Amino acid sequence: MSKPLLVILMGSSADFAHSQKIVDAAHALGLETVTRIGSAHKTSAHVMRLLSHFESDPRPKVYITIAGRSNALSGFTDGLVQAPVIACPPPSESFGGADIYSSLRMPSGIAPALVLDPANAALLAAKILGLSQPQVQAKVAQFQQQQAAKILSDDQSLITDNE
């Protein structure tokens, strides 16, 4: 079985720190990642070439797009690929945070998911890829068990402290 691929597409190099959080979480979940830069507004032909290249790869894949302000990248990507797209825009104080609306409303037939937390975007990608990849599904289950164990441990420490 071929190893699935998580394609991370940033709108600019300013998004690198945000993308690195996704990469780190994805690697912890056993995903192979590739990160590229392309703007739907400024380099649309380049983005189309990148997407065509990745779409010709037969491996299961998910795309995560990172673009702020006017997030055309997520919708543009979703309209050109068959694989799931997750929009994960970087945090912004611009316009009082109202620029998030460009990630919320998409035209008919364009349906990227929106996940604001980078680690959670990687987790959603892993859950999607885990539907057909048992090794990824096992990593997701292990992660969820670790999360649950931490909560139970924290709860136990409260009980011990209060007695």
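Colleague: Which residues of H1 meet H5, and what counts as contact?

Modeller: Contact means heavy atoms within 4.5 Å. His18, Lys21, Ile22, Ala25 and Ala26 of H1 meet Pro118, Ala119 and Ala122 of H5. By class, this contact has six nonpolar, one polar and one charged residues (Ala, Val, Leu, Ile, Met, Phe, Trp, Tyr, Cys and Pro count as nonpolar, Asp, Glu, Lys and Arg as charged, and the others, Gly among them, as polar). The model is predicted: local features need pLDDT of at least 70, side-chain atom pairs count only at pLDDT 80 or more, and totals for chains, interfaces and linings use all residues. Residues are numbered from 1 along each chain as its sequence is written, and side-chain values use heavy atoms, with hydrogens and water left out.

Colleague: At what angle do H1 and H5 pack?

Modeller: Axes are lines fitted to C-alpha atoms, for helices over the stretch in contact, and angles run from 0 to 180 degrees between N-to-C directions. Helices (H or I, at least four residues) and strands (E, at least two) are DSSP runs, numbered from the N terminus. Helix H1 (residues 16-28) and helix H5 (residues 118-130) pack at about 45°, their axes 8 Å apart. That makes H1 oblique to H5 (under 35 degrees is roughly parallel, over 145 roughly antiparallel, 65 to 115 roughly perpendicular, and the rest oblique).

Colleague: In what order do the strands form the sheet?

Modeller: Strands of a sheet pair through backbone hydrogen bonds, either parallel or antiparallel. Here five strands form an open sheet, ordered S2-S1-S3-S4-S5, with parallel pairing (two strands pair if DSSP finds at least two bridges between them). Six bridges join S1 (residues 5-10) to S2.
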